[in-house]
Amino acid sequence: MSASWRIGRRSFVDLLLGGGVIGSVVSFLYPVLKFVMPPAVAEAMDQSVVAGKVGELPPNSGKIFKFGRRPGLLISTPSGELRAYDGICTHLNCTVQYRSDFGHIWCACHNGHYDTSGKNISGPPPRPLERYTVSIRGDDIVVSRNS
Amino acid sequence: MLSSLGERVFHWLDERLDLQPIQRFVREKSVPSHRYSWCYFFGGATLFFFMIQVATGVLLLLYYKPTAEAAFESVRFIMTEVSFGWLIRSLHSWSANLMVLAAFLHMATVFFMRAYRKPRELTWYTGATLLLLAMGFGFSGYLLPWNELAFFATRVGTDMAGKVPVVGRFLLEFLRGGEDVTGATLTRFFGFHVAVLPMMATALILFHLLAIQRQGMSVPLSQKEASTTNAGMPFFPNYFLRELMGWAIALAILAALASLFPWELGEEADAFAPAPAGIKPEWYFVFMFQTLKLLPATVAGVEGELVGLLAFGLAGLAWFFVPVLDIRSSREEPSRWLTLMGVAALLFIAIMTLLGYVMP
Amino acid sequence: MMRAGLTFLLMTFAGVALGQDNCLDCHRELEDPAALAMSEDVHAQASVSCADCHGGDRTIETEGDYELAMDPNKGFIGVPDPGDIPQLCGRCHSDASYMHRFDPNLSVDQVAQYWTSVHGQRLREGATDVAQCASCHHAHGVVSAKDPRSPVYPTRIPETCGACHADPEHMAAYGIPTDQLSEYRAGVHGRALFDRGDLGAPTCNSCHGNHGAAPPGVTSVSLVCGTCHGVQKELFAASPHQEAFDAIDEPECESCHGNHNIEAPTDDFVGVGDEAICMTCHGEGEPAYGVAATVHEEISNLKGAMAAAREVVDRAARAGMEVSEAELVLIDANQTLVESRNLVHAFAVEPLREKVEEGLALATTAREMGVAALAEVDYRRKGLALSVFFILLLAVGLYLKIRQIEERE
């Protein structure tokens, strides 16, 4: 075999190997580098979440927000106090809502009523709504679960 | 270009650390070449998988939360929110199993080649301990995702530990951090898994590797003639490239398993839920688990499980101290009986493991 | 002598000043169970004396002079006649200004209500074994109805009513069944009250009244049930069944759901199957048959779609995929199922179908999210499988390099 052909074959193998090594290194480094950079939401959202912005809810109103895998209910009482509860009715798991005409929480499915402390006051719900803690962090209304 | 850069770096370090002896050693290091040289591969494979475990483990540590309340959710977070979290986690889980398998195969080949005979007894003792540590890594790591399977498998496994005579009670409470498997167990296992066991393993691995460098590779008795007729294979670059190729294949197997059987998240552990049917410990404990299950309630008046544990204890001791017990190989003499016993033990383990999965 | 007399005077004055109840003291010493029970009695705590009900002179404290105390001339009546008890209690309990001294919130219409009840009517006619105040509230050791020890605390009412109404011998003269208590215990309301401690669950008095106890009239059953089950009552009132049931004097809710042993309703109650209650009145060929069949089918479809979506989402979750959005959609879908079951009481297809369609759309969305998540799992697996190929390529490269080097040697 001619020397030039052998050199050609050597460079091909070197190229293949070099390419393979670089390819492997990059394909390892890329996921690792992406992994170590924290995702958009830095922590699992099961313990606390931003439920809204300050000023978003006028007094005597409420909104549903996403809290992990369950809906949550954020209300502003008629006197303007912010409170948050688990949004699932304790009767048959429908989603509750805030009724400004009642001034308290209500479930559409079987006419269950809860007062603004989450206590079941009328209708079929057997237990109060689980209450969450509301804190203000700058502009955000942060709702957190107690473990 | 790269090589001249490498040369410059080497020269810079050499001026300060005198790397000549090391360079000489590496140049002269050779690996015996004979029919069973391929067995030498398994030790390196174990080391390779261990390095992957350390790397992926450290990465997981950046996000994992070791408490009963947060553990499962943090693993879910890794798998769903962190970029390539699912990949790092799947690699870690699979490489763990492959590491234990490679360690076991390494031990088997060392056993059958009698590589533990004088002067390499210490290498065997550190290696055997490392195999036990690997199983400890597996057992402690398995609980960390705090899912249903892991929780109950840990309960079953620590129950077994509790049955050891005399020290069983202490052992159980030491492992569990209490009477039952709870968050305290998780914290404890986490400590074992990321601090205690890695410290011990690192020290032992360093010794194990240094001893090998010092003593060179052992040649099986049957091949002693054949290996003296050749100078062996130079470690660098010949054996080294082969080792790398082996590691590439090992990596391919790892990636294939992780893609064919991605590791699941499962359901969060609930201590008050009934145990799902068919709970087993991890596969490398199944043979012991199944043996204990198959033993009758009493054997010659003694509780069956106790007999089983004693038998395993004695077998374990014999295995650990085989360099002492195998007098023939210390005299460089072959021993058919020991080979047969080894094969029998392997068959027993294989059959019991199979039964553990096949039987209800 | 002087000293004894002085002591006596002092004690008398002290006794009178402190409202001392000598009846109670003496009877306590005699270990009269009625007297002993008075330590936990609301009346005694309000300083109401035995004599205030039984008459007599409470101030007489000389031992042995019980005739002076239990003197008919001083109003002593001994154990009151059952027929006289409502008036006796009503002397205070119907007097608003008197009762408001003790508890401004207590109502004062109990006796008036009582006379409208079946118990009251029978008592007036001379029956002695019907319930009067003391039968349920007892006489000594009376505690507030809000006190769990009271025989009229919600969880104890069934057994209190049952003391007579579940006793066949007692009720023999009246010809009323005596299985209500056991029926109630087996039904949803009984189980809610006893097994889950849900004080919101109705007991005997919730539907029958307590002082004005009477069975609800046939046309007013749905009104009674409707005090809690308002949604169903409104739907029923607007449905064809309201008029139809009124015309044939059928007791509405009770016809399908029972009165005491109210079974937990299942989706098979409505439809044309074996357990379907619709088939009690309606036969094949009638338009109602078609409605029942369609209603049942619609709900079954919705349940099936939700179950399928649930299965896919669960699989994705177990595999470690992010499915919280899908979970929220499934919660909304579940709500449409609950509302569909309400709409059964409209006994028409259209409103129910609309709600079911809503639910089906949500179930489909959730299922699609689950499928997408599983597809992502698949995509990752394929990506990894591809990487296997490249790693093997590297292995091949190394092999060639080895060959190359060793050929040179």
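This is a predicted model: local features need pLDDT of at least 70, side-chain atom pairs count only at pLDDT 80 or more; totals for chains, interfaces and linings use all residues.
Residues are numbered from 1 along each chain as its sequence is written, and chains are lettered from A in the order in which they are written. Local features need pLDDT of at least 70, side-chain atom pairs count only at pLDDT 80 or more, totals for chains, interfaces and linings use all residues, and side-chain values use heavy atoms, with hydrogens and water left out.

## Two interfaces

Chain C touches both chain A and chain B. Contact here means heavy atoms within 4.5 Å. Buried area is the accessible area (1.4 Å probe) lost when two parts are put together, summed over both.

| Interface | Residues in contact | Buried area | Share on carbon and sulfur |
|---|---|---|---|
| Chain C and chain A | 24 residues from chain C, 25 residues from chain A | about 2,100 Å² | 63% |
| Chain B and chain C | 26 residues of chain B, 24 residues of chain C | about 2,200 Å² | 69% |

## Chain C against chain A

Chain C and chain A bury about 2,100 Å² between them. Of the area that chain C buries here, C:Ile331, C:Gln335 and C:Leu394 supply 21%, more than any other three residues.

The interface has one salt bridge. A salt bridge is a side-chain nitrogen of Lys or Arg within 4 Å of a carboxyl oxygen of Asp or Glu. The partners are A:Asp14 and C:Lys401, with the closest N and O atoms 2.3 Å apart.

H22(C) gives the largest share, 11 residues. Helices are DSSP runs (H or I, at least four residues), numbered from the N terminus. By class, the side of chain C has eight nonpolar, seven polar and nine charged residues. Ala, Val, Leu, Ile, Met, Phe, Trp, Tyr, Cys and Pro count as nonpolar, Asp, Glu, Lys and Arg as charged, and the others, Gly among them, as polar.

## Chain B against chain C

Chain B and chain C bury about 2,200 Å². B:Trp86, B:Leu241 and B:Met245 supply 24% of the area that chain B buries, more than any other three residues.

Two salt bridges cross this interface. One of them pairs C:Arg318 with B:Glu267, the closest N and O atoms being 3.4 Å apart. Helices H4 (71-80), H5 (85-112) and H11 (235-260) of chain B each give two or more residues. H11(B) gives the most, with 15 residues. The side of chain B divides into 18 nonpolar, four polar and four charged residues.

## Cis prolines

H11 of chain B also holds B:Pro237. The peptide bond from B:Phe236 to B:Pro237 is cis, with omega near 0°. Another cis bond joins B:Lys118 and B:Pro119, with omega about 5°. B:Pro119 sits in the loop between H5 and H6 (121-143) of chain B.

## One cavity

The whole structure has one cavity of 30 Å³ or more. A cavity is a set of points on a 1 Å grid over the protein atoms alone where a 1.4 Å probe fits but cannot get out; lining residues have an atom within 4 Å of a point. Grid points are joined across faces, edges and corners, and volume is the space filled by probe spheres set on the points. The largest cavity has a volume of about 30 Å³. Its lining includes A:Cys89, A:His91, A:Cys94 and A:Cys107. Seven lining residues are nonpolar, four are polar and none is charged.

Methods:
On a 1 Å grid over the protein atoms alone, a cavity is a set of points where a 1.4 Å probe fits but cannot get out, and a pocket is an open set with protein on both sides within 12 Å along at least five of seven lines; lining residues have an atom within 4 Å of a point.
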